[in-house]
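Me: I would like to learn how to read a structure like this one, feature by feature. Please give the general idea and then the case at hand.

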Amino acid sequence: MSLSENVSPAELLASLPPEQLAAFLKRTSDRELEAIEHDWGWWGRPNQQAPKGDWRTWLLLAGRGFGKTRSGAECIRDQVIHHRRRRIALVAPTAADARDVMVEGESGLLAIGPPQQRPQYEPTKRRLTWPNGAIATTYSADEPERLRGPQHDAAWCDEIASWRYPEAWDMLMFGLRLGPDPRVVVTTTPKPIKIIRELIADPTTVITRGSTYDNRANLAPAFLQQIVRKYEGTRLGRQELNAEILDDVPGALWSRALIEETRWPVHRNIPDLVRIVVAIDPAVSTGEDADETGIIVAGKDKDSRGYVLADLSGHHTPIEWARIAVAAYKSHGADRIVAEVNNGGEMVEATLRVVDDNVAYTAVHATRGKVVRAEPVAALYEQGRIRHIGITHYTASAYPEVERWLRTGNYEFLQINYSLAEREAEERVLPLARELSIAVIANRPFAEGALFRRAKGKALPPWAADLGIASWAQYFLKWIVGHPAVTCTIPGTAKPEHMRDNIAAGMGTLPDDATRKKMLQYFESL
Ligand SMILES: Nc1ncnc2c1ncn2[C@@H]1O[C@H](COP(=O)(O)OP(=O)(O)OP(=O)(O)O)[C@@H](O)[C@H]1O
Ligand SMILES: [Mg+2]
């Protein structure tokens, strides 16, 4: 047996032949044995140990019951006792999880380490205090706002894939700035969601993986049996037991990533909706194996962007789905209930009318296959026409704020002022947009006409023709779009001939870096 097989030194020792074990015990003093009792270096398996060397985030992705919580707790204990961390954040999906699992749980912070080194817990203050003065505070990912402000030099996030508001992570990161080397350990069973993908992609993250089976020796047989029976051999089992990040079903119209990307951030208000409908697709039969009855509340705003407001689908009896749909119709102030009636015919309307005679109702008949009908909707998602939001601004004073919003990861595009006369965006905002793959629309491309006033009566440089530039407008626009972060620019005009002139800037070659410098110098020499 070797350590690479994910066996702890303690397990290795236990597997020695009796005479070797006896020899080991003989040459080890009682004090040494006592020290071993609480030495995680002995008990932890290699994939439960924090990585050596420099890391900012240690991401432990492992199956249920692997010993994730224990590993996180031991990592924090080590940071407190051996690395002088003094202000620690403990973040769990809920406040109860923080208390019951991270602090008081069987593998929590109060249960590990030599008794004289263990912290005191003050539940009302959500605080743990170690004998050496280090303090940890518990937080719930349900309340991201509480993480705004406090600063920490270490943090432990348990089950981050189950956090309701992944924004809590961003808040935590803003405050993780005490000391020269702040560190965060994340212990979780993964899900194919944005925060997990981002953590994995981050070059400062060190990832360790493990499976439920690694810890089978320490798990109650009933637990192991129950969880293995539930998941073994299933697709979900690859996630829950082996911590694999499940890719999408081949050929699916909606990928998980697509849905995650369109999530509307919780702190934003939904725009005014011009129309809201409750849509029902009733299942033909009821019972465990029947399809779900789909019930969706969806709305659209004045620009025809769509918002899915609620998904109330489930295994419902007819009268149940009718009640749910009518309740949703009322609580969302919907304009209409729309139902697909391929299967139920008149019954669908009759059922609804039993619950409420007055709802506005339309039946739709699906005449084509589901995939054919779903494709255009999936295409709307892909084109970013469902629930995608962006930011627009036009003054440099707002850039720090714009940067902060861009970093939340919730934006598809940025509209910002950028031109030969207003170049501040190229310092930080444009490079950031490029790094985050956020599209950029440049507004005020002529700086409200300032560029034309400066160039008035002046000749274009002779080399402009090589770039296919025939007018000052084209010179200004090509310079903007030549920036690698800029997707497009939006010159405004009321005159068709100006429009034609501007469009021509989109033809032919775009200036490279060196040429853009030359263009800037020439313009500034005017
Ligand atoms: N290396 C180890 N040696 C001995 N016991 C261990 C070891 N690792 C974990 N355990 C024990 O195994 C049990 C499960 O560990 P833990 O609760 O940390 O797992 P988990 O991965 O967080 O589980 P869950 O998926 O339920 O959150 C606990 O009793 C814990 O103390
Ligand atoms: Mg756990």
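Predicted model: local features only at pLDDT ≥ 70, side-chain atom pairs only at ≥ 80, totals over all residues.

Me: Do strands pair in the parallel or the antiparallel sense on the β12 side of β9?

Reply: β9 and β12 run parallel, joined by 4 bridges. In that pairing I280 stands opposite A339 of β12. A339 also has a bridge partner in β13, namely A363. Strand β12 (residues 336-340) pairs with β13 in the parallel sense, over 4 bridges.

Me: What is the order of the strands in the sheet that these pairs build?

Reply: The order is β11-β10-β9-β12-β13, an open sheet of 5 strands with mixed pairing. Its edge strands are β11 (306-311) and β13 (361-364), each of which pairs on one side only. From one strand to the next, the twist averages 25°. As a general point about side chains, in a regular strand they alternate between the two faces of the sheet.

Me: Which helix packs on this sheet?

Reply: Helix α13 (residues 346-355) does, and it touches β12 and β13. The direction of α13 makes about 160° with that of β13.

Me: Now the other open sheet. Which strands does it hold, and in what order?

Reply: It has 4 strands in the order β14-β15-β16-β17, with parallel pairing. β14 (391-392) and β17 (488-489) stand at the edges with a single partner strand each, so one side of each has no neighbour in the sheet. β14 and strand β15 (residues 413-417) run parallel and are joined by 2 bridges. Within that pairing, T392 stands opposite Q415 of β15.

Me: Next, helices. How do I read which side of a helix is covered, and which residues of α6 are buried?

Reply: List the buried residues, then look down the axis. In helix α6 (residues 95-103) the buried residues are D97, A98, V101, M102 and V103. Viewed down the axis of α6, these fall within an arc of 155°, so they line one face of the helix. The cover over them includes α5, β2 (87-92), β3 (120-122), β4 (127-129), β5 (135-140) and β6 (154-158).

Me: Where do the buried residues of α8 point, and what do they pack against?

Reply: The buried residues in α8 are I195, I196 and L199. Their arc around the axis is only 100°, which puts them on the same side of α8. They pack against β1 (57-62), α7 (167-175), β7 and β8 (205-210).

Me: What should I look for in the backbone angles?

Reply: The general rule is that most residues other than glycine have a negative phi. R126 has a positive phi of about 55° although it is not a glycine. R126 is in the loop between β3 and β4, and it counts as partly exposed with 18 C-beta neighbours inside 10 Å. A243, another residue other than glycine, has a positive phi near 60°.

Me: Where is A243, and is it buried or exposed?

Reply: A243 lies in the loop between α10 (235-240) and α11 (256-261). It counts as buried, with 22 C-beta neighbours inside 10 Å.

Me: Last, the ligand. How many residues surround ligand 1, and which are the closest?

Reply: The shell around ligand 1 has 19 residues, and the closest are G67, K68, T69, R70 and N218. By element, helix α5 (residues 68-82) gives the largest share of that shell, 3 residues.

Definitions and conventions
Residues numbered from 1 in each chain as written. Chains lettered and ligands numbered in written order. Near = placed C-beta within 6 Å. Pairing = 2+ DSSP bridges. Axes fitted to C-alpha atoms, helices over the stretch in contact; angles between N-to-C directions. Contact = placed C-beta atoms within 7 Å. Buried ≥ 20, exposed ≤ 12 C-beta atoms within 10 Å, placed from the backbone. Arc of directions from axis to C-beta.
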